[in-house]
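These are my notebook entries on one model, taken in the order in which I looked things up. Each entry names its topic and then records what I found.

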Amino acid sequence: MTTPILTGEDLRKYFPVKSGVIKAVDELNFRMEKGEVLGVVGESGSGKTTLGNMIMGIYQPTSGRITFKGESLPARAKARPIQLKRDIQMVFQNPASSLNPRRSVRQALEVPIRFGGDADSIRDRIDQLLEVVELPVEYADRYPEELGGGEKQLVAIARALATNPSLIVLDEPTSSLDVSIQAKIINVLMRLKLKLGLSYVFITHNLSLMRNVADRVMIMYLGKVREVAPTEEFFRNPMHPYTRMLLSSIPVVTEAEEAAKPQKIQSVGEIAGALNLPPGCAFHPRCPFIMDVCKKVDPPLIEVAPGHWCDCHLYPTENRQTSGA
Amino acid sequence: MGFAAIIGIVFVATFAPWLSPDPKSAGLYVNFAAAGQPPSSVHLFGTDEIGRDILTRIMFGFRYSLMLMAVVLSLSVAPGVFLGLIAGYYNGRRVSSIIMRVADVFVAVPPLLLALSVASVLTPSAIDAMLAVSLAWWPWYTRLVYSSASSIRNEDFVRAAELVGASRWHIMFKEILPNALGSILTKVTLDCGWVILIGAALSYVGLGAQAPTPDLGTMIAEGATYLPSQWWISIFPAFAIVIVILGFNLLGDGVNDMFSAGIS
Amino acid sequence: MPLLEVKDLRVQYRVYEGVLKVLNGVNLTLEKGEKVGIIGESACGKTTTVKTVMRLLASNSKVTGGEVSYAGEDVLKMPKKKLSDLRRKKMSMVFQDPSSALNPVFTIKQQLYDIIKYSADGLSKNEIHERAVTYLKQAALPEPDRILDSYPFQLSGGMKQRVNIAMALVSANELLIADEPGTSLDVTIEDQIMRLLKKIVEEKGISVILITHALGTVKNFVDRIYVMYAGTIVEEGPTREVFNNPQHPYTQMLIRAVPKLTGGGVPEGILGQVPSYLTPPPGCRFITRCPYSMDVCDHVPAMYDAGTDQRAACFLYDGVHRRK
């Protein structure tokens, strides 16, 4: 078994606030192999962005650790040696704030190149980067306001690539783009992954996209992983009630997709505030399959089928160990 | 907006003493024969109590005012902005709090008062007036820049620069500062007017330029005793101050528009 | 007579760089009780169209042609008082961002009461309160009294949007325009909101124009669809037909560009960019990205019959030209 490129071990991130504690991420365990696209899916409050920020070192875990290429990852980005910092990069959600409006594309791309020490042929490197994200080389002298949303994202991707990273965290990279442009960006990302052997942590709420892009899908709800499985298995056999609720709610376009959705679970209730989590399973107020135990005991994440993990009291009912009241 | 720029330029043009009708009036010059004359075709703004042409003195007064403005702003803007950048970048850390509290202390004292106290301790002179005003001025820039910098600091593009290992100086000067430039320049243009006003106020109370240097404030003070009969001695310099300030205000508006248009 | 008729609407905006000729002859009808959707990507003119209907356009805009009639009366030339009546009692709009429609410094009570007060004359305080509670309940909001006393920041996105719906229901007795109502909400909440909206409008027989760029959202909601691109309607037809059998090349490519839940890999997307409104192409505006463009596309295509009950603005359907 090769060393996974990224793992999370009992990760927790708690934010103390006046009226209590927000458990943004709680008891999170995951692993990711090299060359994989791990789709991290969730709605607001799920903790997916917090997870991304912890990987990048923007937030420090309250407890638990992250390992990268087998070594423990220093929690603060500032504490990481520069080579390590450059090995993990991020593409942000909002193309408009991703690029400094006062700097041209060339100036924006110079920054990662210059600070990496390989400053010999900046010009060539910039041209190379633009080519690799399929943007015309002439764009180097343009300013962000002259670029469309999709083009800005491509520049952001080029910037992330400038440091030759092994892992890129993509935080909703196409959510604010039009559908016709999303496809282009995703295509570029997938081609790059193959060509450069990259691994992606792809954070999104768009399950349809993950179906076509991710190797494995991890669903988060209120800070915890609810289900994780390889893509095909995930969509063929969604187990967690929340997953099925999500899948039922996705607006789809073709009749074939409608038919492929799991039996409709109507979404009810509000997404509970992360502040006052209900006891037991945090999803129980909205769950149509609620049982008594759900209100008291938080279900552990169990491997229900090979590679397919789920935390729900429904599975498997027989050989379950209660983790104590 | 361009209109305002023209007004600003007109003042700069008045720099040249070559325009003035009677250059001798700017210096030590006494001509009691022509003293106390109301505005006429020879002396457009009249003459003062010792016979100097007022128009000329106003023109030279402009030179002094503009020089004061340039010196004060150079002395106060650069350090103020620099400190503001640091405070904004390190927002939440001790350095930032220290800088801002020091700035608060200076801001708490009314600028004129501060300038007065400093100027009265030192021997009254033009240079000391400039120094005094500069001391009162820098914290406003620190505050302004701190406010911009602390929010720009959290933008994704700054995060991205940090993640690739950019040095903090690069981030402060190349990433944050260009975005704060709009408000800085607007303030500078508006301040031009204010500095001139304060400089005139200092001179009015005798702590600025000394006689016989023509200075708008001094001229008003000297002429005050002759009001209202020889009104032109005070009124014209006062009017000149108004025009300068108005001009810079309009220019400032224009600068502001220019930068806002770019952002949206 | 249709409730709303937009004929050959042309609208432009004046900006620093010149004139943006956005709407290029938009035609739209809405019958009483019908639900119609306008789909299109950003800046295609869908919001401009409905803002023109409600006369909410910005001051730098100008209607340069066409007409809008509501229940047979010309909206664009309507006197202010009549327009105000229309807005207070007949039509209303729900906007995309739930927060921006609510004033953050006033409680919901203060805002909702105001709307109710102006929607009908001579209501007593009690009556206003009762109506407020009724509307909130209709919008599936639990504990209406608590909501009334809350400030917007105390409510979640879904709840705020439901408050907006309640506020719109006060005056939208005949027509409700919803501009991307679920876009900034989580998927499960959006699903709830759309189902709620559907139930309400069907119960009350309110006509709806739903605007969105999310194809899936509109599919389950409206009876008929208008597809817009660069300020023109390119296709129109019953929802089912347009989705299952799109006629216009843009609609076809747009549907293909959506990643499918059933798999199939990453779609191709549509190469190229939307043309600039400053210098739009003289004829069909999709010409720069259309794989089937012909010489005749330099002229503006009319809406030709196509498919089943559909119409498409494409010369491929004029009976003369055909695909190569």
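Entry 1. In which loop of chain A does A:N164 lie? I place A:N164 in the loop between α6 (149-161) and β7 (167-171) of chain A. I looked up A:N164 for its phi, which is positive at about 55° although the residue is not a glycine. A:N164 has 14 C-beta neighbours inside 10 Å and so counts as partly exposed. I apply the burial classes as follows: with C-beta atoms placed from the backbone, a residue is buried if 20 or more other C-beta atoms lie within 10 Å of its own, exposed if 12 or fewer do, and partly exposed in between.

I noted A:K69 as another non-glycine residue with a positive phi, here about 50°. A:K69 belongs to the loop between β4 (63-68) and β5 (71-72) of chain A.

**Entry 2. Basis of the notes.** The model is predicted, and local features need pLDDT of at least 70, side-chain atom pairs count only at pLDDT 80 or more, and totals for chains, interfaces and linings use all residues. Residues are numbered from 1 along each chain as its sequence is written, while chains are lettered from A and ligands numbered from 1 in the order in which they are written.

**Entry 3. Chain A as a whole.** I record 12 helices and 12 strands for chain A. Its radius of gyration is 21 Å, close to the 20 Å that the globule rule gives for 325 residues, so chain A is as compact as a globular protein of that length. The radius is taken over C-alpha atoms, and the rule is 2.2 Å times the number of residues to the power 0.38. Along the principal axes, the C-alpha atoms of chain A fill a box of roughly 65 × 50 × 45 Å. Of the 325 residues, 50% count as buried. I then turned to contacts, where two residues qualify if their C-beta atoms, placed from the backbone, lie within 7 Å. Among contacts in chain A with a separation of 6 or more, 63% join residues 24 or more positions apart.

**Entry 4. Chain B as a whole.** Chain B has 9 helices and 0 strands. Buried residues make up 45% of its 264 residues. Of the contacts in chain B with a separation of 6 or more, 70% are between residues 24 or more positions apart.

**Entry 5. Two helix pairs in chain B.** I first examined α2 (residues 54-89) and α3 (residues 94-108) of chain B, whose axes come within 7 Å and cross at roughly 140°. Axes are lines fitted to C-alpha atoms, for helices over the stretch in contact, and angles run from 0 to 180 degrees between N-to-C directions. α2(B) and α3(B) are therefore oblique to each other; angles under 35 degrees count as roughly parallel, over 145 as roughly antiparallel, 65 to 115 as roughly perpendicular and the rest as oblique. The contact is formed by B:L83, B:I86 and B:A87 of α2(B) with B:V95, B:S96, B:I99 and B:M100 of α3(B). By class, these residues are 6 nonpolar, 1 polar and no charged. Here Ala, Val, Leu, Ile, Met, Phe, Trp, Tyr, Cys and Pro count as nonpolar, Asp, Glu, Lys and Arg as charged, and the others, Gly among them, as polar.

I next examined α7 (residues 168-204) and α8 (residues 216-224) of chain B, which pack at an angle of about 40° with their axes 7 Å apart. α7(B) and α8(B) are therefore oblique to each other. Among the residues in contact are B:G199 and B:Y204 of α7(B) and B:L216 and B:A221 of α8(B). This contact divides into 7 nonpolar, 4 polar and no charged residues.

**Entry 6. Contacts between chains.** Which chains make the most contacts among the 2 pairs that touch? They are chains A and C. The contact takes 35 residues from chain A and 35 residues from chain C. On the side of chain A that touches chain C, α7(A) gives the most, with 9 residues. That side has 17 nonpolar, 11 polar and 7 charged residues.

Chain B and chain C do not touch, their nearest C-alpha atoms being 9 Å apart.

Note on methods:
Helix = DSSP H or I, 4+ residues; strand = E, 2+ residues; numbered from the N terminus.
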